[in-house]
Number of protein chains: 2
Amino acid sequence: MPVGDTSLPPFETVAGLRIGTASAGIKKPGRQDLTIFELASGSRVAGVFTRNAFCAAPVTVAREHLGKAAPRYLLINTGNANAGTGTRGLAACRHTCEALAELTGVEPTQVLPFSTGVIGELLPDEKICDALPQALEQLSERGWAPAANAIMTTDMCPKGASRQVSLPSGAVVNLSGISKGAGMIRPDMATMLGFVAMDAELPQALLDRLLREAVGQSFNRITVDGDTSTNDACMLVATGVGSRVSEDNPEDLAVLQAALNELFVRLATLIVRDGEGATKFIEISVEQAASQQEALDVAYTVAHSPLVKTAFFASDPNWGRLLAAIGRAGVDGLDVEKVTLYLDEVCIAEQGARAESYTEEQGQTVMNREEIRIRIVLDRGGANERVWTTDLSHDYVRINAEYRT
Amino acid sequence: MPVGDTSLPPFETVAGLRIGTASAGIKKPGRQDLTIFELASGSRVAGVFTRNAFCAAPVTVAREHLGKAAPRYLLINTGNANAGTGTRGLAACRHTCEALAELTGVEPTQVLPFSTGVIGELLPDEKICDALPQALEQLSERGWAPAANAIMTTDMCPKGASRQVSLPSGAVVNLSGISKGAGMIRPDMATMLGFVAMDAELPQALLDRLLREAVGQSFNRITVDGDTSTNDACMLVATGVGSRVSEDNPEDLAVLQAALNELFVRLATLIVRDGEGATKFIEISVEQAASQQEALDVAYTVAHSPLVKTAFFASDPNWGRLLAAIGRAGVDGLDVEKVTLYLDEVCIAEQGARAESYTEEQGQTVMNREEIRIRIVLDRGGANERVWTTDLSHDYVRINAEYRT
């Protein structure tokens, strides 16, 4: 079960954007596995993609199309990642773009494809093409919740977030987004899949910048298992239908960025809450590091330590494992005497050893919680970072040993 | 159960070295948990230690003593790591060295201390001091097997290796060694603990070099869970009783180094075979990389991927997870079209996709084996590396969630 409240919000409709879903029978007959986003003419799209060298065919094609034309459609399938499929996978991907373009009277380069599911099997492109008319018939401004369900793979819950933002100038912008992912999660650019849209008009360069900043604080700060997917992609759409936001109005921009950051953090942390086998939601905050990179190195070393993760699963305040992970993070000349370590409000270690005030009962009280914050104060500088992760449970092994078999 | 044959060999006695064990009752009453190595006067010792910044008190003291005096005793306890214990831990460690020095008439700096066990609890130094006479009484040239047992913690099997080497010059050298470790294994300098001795006389600089080379191919090429311990240490002793080996005889040196490398690889891979929860013993060989570092980056990324490890636990030939791990290893400008991937004798992927000749049956046949070699050919240069690791099983989680509770 996901950790904490992961329920879908009521979605604000985003003017200029409609979503339709259908069942193409890609992996399981009858399951909704195909989603189309239709963007109004004049929409702009910013995108970030996985840095995995073995990126999937749709990542290659979407990146290429995004550089060539103004996107009008996003085409998303689950059940098959179309990754590790070589030139035949690329051809299958292009075929689906061409089919949707022909049905809708746009150029194939105006279609951005996304796939998620099993790696290494050929995409059943004919099945997808056959189901396109059905998805187009379903297009609706109210399609967010069905789409949040239709893009799931091993996810236990659909993931969405929505906000209505009133900008200082008086304009109102609706933001809605969905995400998916539960395993192979250590985005190095974006999550498995994330789609966020707003009914506003923005210059392309500004849209790109808003996305990069929001992703940097959210999808690029989560990890479940350290495995960066071949298919990660995150798109931010501005439909152009609505108020204009630009550099000329820095107050509006600041409020919009803050709202986007908040929405992206929610979408990203929902993926952690639904992490494979997760029983705990863990925030790791590293403070007073000498650099951002150093703070991230410590945070991710702790987040990826199987010994730390199993201790959290066991609700065992085994702080020695935390110290050992911090100590091997590669921080140059780390003075362990200066490190202070907290679990929520409890100081557990300082000056290289257990804190004088610490009792096992205090540690146990915190570890029994479902949501826990590890705070590591390095006393080396002014850089702070936080990342989110899960514990490592029996169910993680079960899910990943059983998947595909 | 450990993977493959891990039985102890008959140990060659090493002239000039005696070993005694005793029960100090550190964690469990009655368990042999204290080991003393007595080295002949004139012995030389080379040592490598963990790079974890939160290194244990005995690591700090052993490193310090090794730089000051010629060691005459190694003092090893299990049941308590004396790590994360601050200044009180240092004092307790020094106290045990002083006690042994007084009993034997050497300087405290001639005692090298080693601890392994739970992190963060104070070392019961009085219990250790009380048991020293008992261990000294047991000193014997035949103490290798009892010591291999007495240094175990979560190990399922004692670990040892022994060789008698005939050098080209006619001299005969006896090599014997023991190691321990099963979890928190990703040595960054040495293993949890490894002790190897030979009855030969070598200059210190040469002994240091032999150790560094042997460790580089063995203890520094294994990983169970990616967690570098706070207590890793590996010692190579030359008792000085026996033939002299020096740079003047390069043929002898080459044969001795090769024998040491083989012995160290055995001691290191025994730790992997006994890795916590291991059901598979996996060798990862990366070939034709542009540099050693690149080869190691790929090998360790694959070795640490929870998705790869759970697929091996399930005997599932899920090669997509292998490609995804290779792809995120951070290899600059990796051309996936050139990567070829083998499981034992079976080519499973080439040119960025499944090999034409590959069948699921072939993959399944290999995956059903207990010992498997993953071979990754990058076609980028002349550097090769290999590392050894385990799968990730239900038992790994159980062991680490239950330990200490």
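The model is predicted.

In chain B, six strands form an open sheet. Their order is 13-12-11-14-10-15, and the pairing is mixed. Strand 13 (353–354) and strand 15 (383–390) of chain B stand at the edges. Each has a single partner strand, so one side of each is left without a neighbour in the sheet. Strands of a sheet pair through backbone hydrogen bonds, either parallel or antiparallel. Strand 10 (residues 281–289) and strand 14 (residues 371–377) of chain B run parallel. Seven bridges join these two strands. Within strand 14 of chain B, R375(B) is the residue that stands opposite S285(B).

Two helices of chain B lie across strands of this sheet. Helix 7 (residues 292–304) of chain B lies across strand 10, strand 14 and strand 15 of chain B. Its direction is at about 20° to strand 15 of chain B. Helix 9 (residues 319–327) of chain B lies across strand 11 (340–343), strand 12 (346–350) and strand 14 of chain B. Helix 9 runs at about 55° to strand 12 of chain B.

For chain A, the domain assignment gives domain 1 (17–273) and domain 2 (281–402). The centres of domain 1 and domain 2 of chain A, taken over C-alpha atoms, are separated by 33 Å. Contact between the domains of chain A involves 10 residues of domain 1 and 11 residues of domain 2. On the side of domain 1 of chain A that touches domain 2, three residues are nonpolar, five are polar and two are charged.

Key. Residues are numbered from 1 along each chain as its sequence is written. Chains are lettered from A and ligands numbered from 1 in the order in which they are written. This is a predicted model: local features need pLDDT of at least 70, side-chain atom pairs count only at pLDDT 80 or more; totals for chains, interfaces and linings use all residues. Two strands pair if DSSP finds at least two bridges between them. Helices (H or I, at least four residues) and strands (E, at least two) are DSSP runs, numbered from the N terminus. Two residues are in contact if their C-beta atoms, placed from the backbone, lie within 7 Å. Axes are lines fitted to C-alpha atoms, for helices over the stretch in contact, and angles run from 0 to 180 degrees between N-to-C directions. Domain bounds come from an automatic or database domain assignment. Ala, Val, Leu, Ile, Met, Phe, Trp, Tyr, Cys and Pro count as nonpolar, Asp, Glu, Lys and Arg as charged, and the others, Gly among them, as polar.
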